[in-house]
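Trainee: I am new to this structure. Please show me how to read its features.

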Amino acid sequence: MNITLLGAGAIGALWAIKLTQQRHNVQLWTRNAETKATLHFNELTTPTTTNSYSFSCNSPDDLAACELLIVTVKAFQVTTALTPLLPYLNTDCVVVIMHNGIGTQSQIQQLLPHNPIIYATTSQAAFKPTPTTIQHTGLGQTSLGAINDYAQYLSHIAALFGAALAPTQWQANIYQPLWQKLAINCAINPLTAIHQCCNGDLARPCYQSQLDGICLEVAQVMTAEGFTTTQQQLRHQVDNVIKATASNYSSMNRDIFHHRLTEIDYINGYLVQQAQRHNIDTPINYQLWQAIKHMESLDHA
Ligand code: KPL
């Protein structure tokens with residue numbers, strides 16, 4: 001397939017390389033005017049062996065022939081990053097959007113009213129020790145599902161992703177896994193960013209009541225949204241991710257560390273806004289949202 005990847009951060013680059021290994025024709029769309037880029041990759045199973053992959057970049061002709069556009073920029077960058085590509089994009093091109101948080105769906109549907117649109121969420125883990133080096137650091141499930149009618153029968157796209165990097169699952173309702181991941185991000189991301197600690201540190205006793213409170217609030221909002229879950233289930237999932245990614249720094253931890261904007265508005269911010277629609281009080285998530293907004297404002301006046 002002719003594939004363009006927009007947003008070659010750690011997760012985006014991981015997919016670009018894995019799809020290239022499956023002999024798909026992958027180009028990168030980057031912020032610079034470069035026409036070629038080389039990425040160096042360390043597999044999960046052979047972390048000390050580096051293989052290099054060359055990609056063509058930023059070709060409008062390749063974009064016009066693109067059958068699958070994968071967007072892996074941060075939630076708050078999606079619209080700005082996609083807009084310059086719109087004049088070249090064929091309406092047959094399937095667009096897959098993968099970012100932490102929820103809340104870009106209506107913007108994307110307005111921007112691409114005729115394209116099949118799929119949202120995805122992944123628990124694969126990757127790390128970029130340098131701008132051109134990618135280390136695959138953990139396996140996890142990737143879920144994909146349609147958010148408009150044009151994409152309803154595209155379950156083969158999940159199989160294509162799965163052939164590159166298993167496991168993947170096509171979801172009849174993608175909002176279910178997006179909310180499950182939102183719960184994990186509401187708990188882990190702001191705490192690890194505020195305390196500048198790794199994910200595993202959240203297993204310490206001092207964080208337990210806050211984690212309980214976050215999970216209770218998210219469970220209440222999820223239930224009001226029509227999903228079946230409990231505080232205990234969410235807490236269990238959060239604890240599993242804390243254990244499985246103990247030595248990792250969350251994406252929000254890194255964003256705050258590097259003085260970048262974070263996805264907080266699409267994580268705890270989104271949760272609080274949905275809670276308000278249902279008249280549910282979410283003071284812990286509200287306080288975390290405001291604490292991160294304050295930290296961001298110190299760098300981005
Ligand atoms: O998605 C993540 C992130 O860092 O954004 C988690 C699951 C918390 C892993 O670090």
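Mentor: Start with a polar contact, a pair of N or O atoms within 3.5 Å; within protein, one must be able to donate a hydrogen and the other to accept it, and residues adjacent in sequence count only if both atoms are side-chain atoms. Here, a polar side-chain atom of Asn189 is 3.1 Å from an oxygen atom of the ligand. For Ser251 the distance from a polar side-chain atom to a ligand oxygen atom is 2.5 Å, and for Lys181 it is 3.2 Å. The model is predicted: local features need pLDDT of at least 70, side-chain atom pairs count only at pLDDT 80 or more, and totals for chains, interfaces and linings use all residues. Residues are numbered from 1 along each chain as its sequence is written, and side-chain values use heavy atoms, with hydrogens and water left out.

Trainee: Which helix gives the largest share of the shell around the ligand?

Mentor: Helices are DSSP runs (H or I, at least four residues), numbered from the N terminus. Helix 6 supplies four residues of the shell, the largest share.

Trainee: Thr192 is also in helix 6. Is Thr192 buried or exposed?

Mentor: Buried means under 20% relative accessible area, exposed over 50%, partly exposed in between (1.4 Å probe, protein chains only). Thr192 has 0% relative accessibility, so it counts as buried. Its side chain makes a polar contact with the side chain of Ser250, at 2.7 Å.

Definitions and conventions. Helices (H or I, at least four residues) and strands (E, at least two) are DSSP runs, numbered from the N terminus.
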